Amino acid sequence: MSQSAQSFQSPRPSQSPAGIAGTSPSPQPTPAQIRHSHTLPLKDVTVNDAFWGEEQERVRTAVIPYQWRALNDQVPGAAPSYCMHNFKAAAAQNARKEQQGKDFVPPTYTYRGFQALPEDPAHPEADKFYGFVFQDTDFSKWIEAVGYSLVHHPDPELERTADAAIDIVCAAQLDNGYLDTYYILNGMDRHFTYLKDHHELYCFGHLVEGAVAYYQGTGKDKLLKAAERFADYVASRFGREPGQLRGYPGHEIAEMALVRLYETTGERRYLDLADYFVTERGQRPSYFEQEDRARAKVDGTEYRPEADHYAYYQAHEPVVEQDEAVGHAVRAGYFYSGLADVARLTGDRSLIDAAHRLWRNIVDKKLYITGGVGGTTDGEAFSYNYDLPNDSAYSETCAAIALAFFARRMLELEAKSEYADVMELALYNTALAGMALDGKSFFYVNPLEVNPYACHKDSRLAHVKPVRRKWFGCACCPPNIARLVESVQEYAYTVADDGATLFTHLYMGGTATVTLGGAPVTLEMAAGLPWRGDGRATVRIGGGAGSGAGATGGIGDAAGGVAGAPGADATDGKAAGETAGGVGGVGVVGGASESDAPAGEVTGNATGEAAGEATFTLAFRLPGWVGGGDAATAAGIAAGALTASGETSGRVTREVRDGYVYLSGVWHSGDTVEFDFPMPVRMIAANPLVREDAGKVAFTRGPVTFCAEERDNGANLHLLHADVAAILADPSAVKAEEFDFHAGADGLDDKGLGEVDSVSRRLVRLQVPAWREPVPGDDGVKVGSFVIDEANDSGADATVRDSSEAGSVTAGTAGAVPASADGAVVPAADRPAAAPLYAEYKPVARERTTATLIPYFAWANRGENEMTVWLRE
């Protein structure tokens with residue numbers, strides 16, 4: 001079947017121009033249209049930001065090809081996926097059915113476990129299903145990332161590979177539209193009988209997401225048509241009509257996928273099905289209980305009540321009654337995202353209120369400072385309120401991504417800066433930490449404190465890995481990172497449903513093109529985040545709109561680092577030697593800066609055409625990380641750091657509301673909005689009810705959370721203290737400085753575990769006044785006074801040196817010397833005891849030092865070593 005292209009009518013609110021000759025005036029927008037907003041089509045938003053542009057290029061050139069090999073079980077040392085094997089097996093079974101006709105005997109269901117593996121891993125049987133019950137989603141997330149990538153980076157070879165894969169997947173689909181290889185190969189007589197745990201509707205949801213993305217990226221609708229057929233089959237089987245199943249997904253994602261399918265096709269039945277799944281979940285009698293009873297009867301086993309366990313699935317009560325985020329954190333995040341989508345589109349007040357309550361519980365009581373969620377390995381779940389352990393944290397990569405999904409949808413529901421602050425926190429920290437800087441290994445779990453010695457010794461920490469893995473049998477996280485990074489521009493902007501306001505939620509270099517007030521408008525953004533807070537947005541209207549597309553740059557040098565001499569003042573976040581406008585100036589797009597034109601003057605655009613004008617509103621988020629202690633003060637500080645050229649003449653006015661500054665009025669092509677948000681280093685303490693963090697502090701700057709690694713600070717990081725008194729007395733004592741971060745690590749085994757290719761990245765690190773407690777028995781090696789030799793700052797051969805010049809040891813071994821006879825480092829815990837286990841209290845000796853902190857997302861890129869986000873006071 002050919003990959004045909006087809007256009008669909010979008011259900012997005014009309015943006016027809018008002019008061020333009022030849023058109024009818026638009027009706028007055030409703031309050032919901034003014035309050036709600038939606039994302040821009042991916043094709044209308046570009047990213048050439050120095051930071052995110054590099055991340056997207058890594059995904060495009062390294063991660064997507066790598067993951068395709070992983071899907072085909074071609075990555076040495078990585079757990080096999082069996083994903084494409086299963087689709088090929090299902091397609092072959094369909095071909096046999098076509099050939100044999102009435103003589104074909106379909107397989108009868110046989111349960112082979114939640115994960116089925118071949119007896120001989122080197123020779124899997126061609127007609128058998130292998131892997132986890134949800135293995136199909138490896139393909140769906142991969143094709144979603146491919147679709148996003150192809151929007152702005154056409155790649156004929158990649159597209160041919162994707163088209164061939166789609167042909168295989170579509171060949172596996174049954175005549176009725178069903179498409180889940182687990183049941184197609186194991187027996188359709190039991191499909192839709194174990195919704196709670198067998199992920200059929202989860203696979204369906206991811207297939208829809210991938211199909212929509214590929215259609216949007218290429219215009220080809222073969223996979224989209226297959227997804228629609230599957231959706232129609234699901235809609236025929238589920239609902240409240242007689243004869244339909246009153247079930248809902250065990251692992252959510254179908255809810256927000258169906259909303260996306262509705263917004264792509266305009267077919268209301270998909271929104272209705274999403275609404276049903278959201279509102280039916282948790283109703284009484286419990287569908288999952290009925291399902292468990294029926295399955296036990298068929299299997300001839302005893303039914304065992306699990307009512308207390310249904311909170312794991314967010315199915316313990318209807319969502320309109322829920323007020324605490326519970327259960328599996330990824331499922332919850334996906335469900336809450338679908339909830340917010342349905343609430344926005346239906347206007348159901350009870351659903352809106354539920355979304356608000358659940359958001360508040362997460363942000364107020366269950367959110368890590370790294371933007372991660374899900375504190376316990378028991379069920380990969382949210383723990384109880386304020387339980388946020390560091391060394392045993394689960395904080396799954398997918399859960400942070402799900403939180404970003406939820407935050408963006410809350411922004412679409414209503415523009416409040418808190419949603420964008422949390423979204424940004426998740427994006428720049430836990431989501432990115434899930435992938436090594438070379439794009440070839442991944443974290444499933446993201447702890448905030450790691451002691452490799454404990455990870456290898458303590459089975460309670462078996463889930464915590466001190467180095468990333470090449471792949472996972474349950475590989476939900478790697479392709480999830482890829483699809484997020486390749487679509488990150490969708491998180492930067494939304495446009496109000498009344499078509500009059502463009503919201504900027506994230507500051508990243510690139511362009512956004514949209515119709516505002518009936519006029520085509522392109523906003524060209526130059527920004528230096530996450531390392532700098534300054535930048536400029538330039539407005540192009542009419543003939544000038546889009547003229548600078550592809551030309552937008554970041555701030556400072558092309559590597560995306562902080563421009564200027566190393567050394568920064570924590571009070572204003574600027575590197576030493578910078579001017580207010582930034583070293584090298586702000587990168588102006590589409591020609592010379594027009595900000596010096598007289599106030600109110602209509603200037604020409606980059607091509608010399610007559611400039612246009614239009615009336616609309618630009619709303620810019622005021623970041624909460626600018627400092628000030630509370631949201632209102634922070635908003636005031638940020639608002640004072642942002643100015644629009646049209647304000648001088650009075651044709652543009654401002655209003656600050658809910659953490660956004662609304663700039664409204666008559667805009668001219670070439671108008672600019674300049675910002676220079678303070679980016680202080682902030683020393684953060686947790687709520688006193690977070691027991692794990694009592695007596696500890698963490699450091700953030702802008703949207704980035706920082707951590708200490710053994711590589712830079714020596715071992716036994718639990719003995720490293722921030723010098724809180726010195727920092728409070730002089731906040732500028734904390735220095736933020738640019739540097740070249742050199743990633744690279746040899747593998748720890750013959751399969752390349754922990755291996756990272758050599759990669760250099762321009763980052764910012766913090767130098768924090770600190771002190772250390774000595775380790776008993778170190779025999780003169782002062783663990784509290786180690787610094788990195790400047791001559792070796794470039795990376796792999798750096799040494800940790802005692803400031804007294806008593807000697808040096810290999811980086812990362814401080815506090816772990818001496819060595820054994822074979823040269824292996826002996827951890828301090830395994831050396832003969834140099835002090836009694838308990839002794840009378842006496843003040844600890846303080847050895848002054850400077851702690852070096854790096855961005856959390858960059859940890860574990862230089863080999864296995866200790867790490868901590870929180871430092872003791």
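This is a predicted model: local features need pLDDT of at least 70, side-chain atom pairs count only at pLDDT 80 or more; totals for chains, interfaces and linings use all residues.
Which residue follows α13 and has a positive phi? The residue is Gly347, with a phi near 70 degrees. Residues are numbered from 1 along each chain as its sequence is written, and side-chain values use heavy atoms, with hydrogens and water left out.

Let us start with the whole chain. It holds 21 helices and 27 strands; these are DSSP runs numbered from the N terminus, helices being H or I with at least four residues and strands E with at least two. Of the 873 residues, 59% are buried, where buried means under 20% relative accessible area, exposed over 50% and partly exposed in between, with a 1.4 Å probe and protein chains only.

Now back to helix α13, residues 329–346. Its 18 residues should span 26 Å at 1.5 Å a residue, and its end C-alpha atoms are 25 Å apart, which agrees; the expected span is 1.5 Å times one less than the number of residues. The helix is mostly covered, with 16 of its 18 residues buried.

Next, visit a pair of helices. Helix α8 (residues 200–218) packs against helix α10 (residues 254–265) at an angle of about 30 degrees, and their axes lie 8 Å apart. Axes here are lines fitted to C-alpha atoms, for helices over the stretch in contact, and angles run from 0 to 180 degrees between N-to-C directions.

Turning to the strands, you can find an open sheet of 6 strands in the order β1-β6-β7-β11-β14-β13, with mixed pairing. Two strands pair if DSSP finds at least two bridges between them. At the edges are β1 (37–39) and β13 (652–657), each pairing on one side only. Within this sheet, β11 (residues 613–621) and β14 (residues 660–668) are antiparallel over 9 bridges, and Leu618 stands opposite Leu663 in β14.

Finally, follow strand β21 (residues 756–772), in which 14 of 17 residues are buried. Strand β20 (residues 735–745) pairs with β21 in the antiparallel sense over 10 bridges, and Glu737 has Arg765 of β21 as its bridge partner. Strand β25 (residues 847–855) also pairs with β21, antiparallel over 7 bridges; there Leu766 stands opposite Leu853 in β25.
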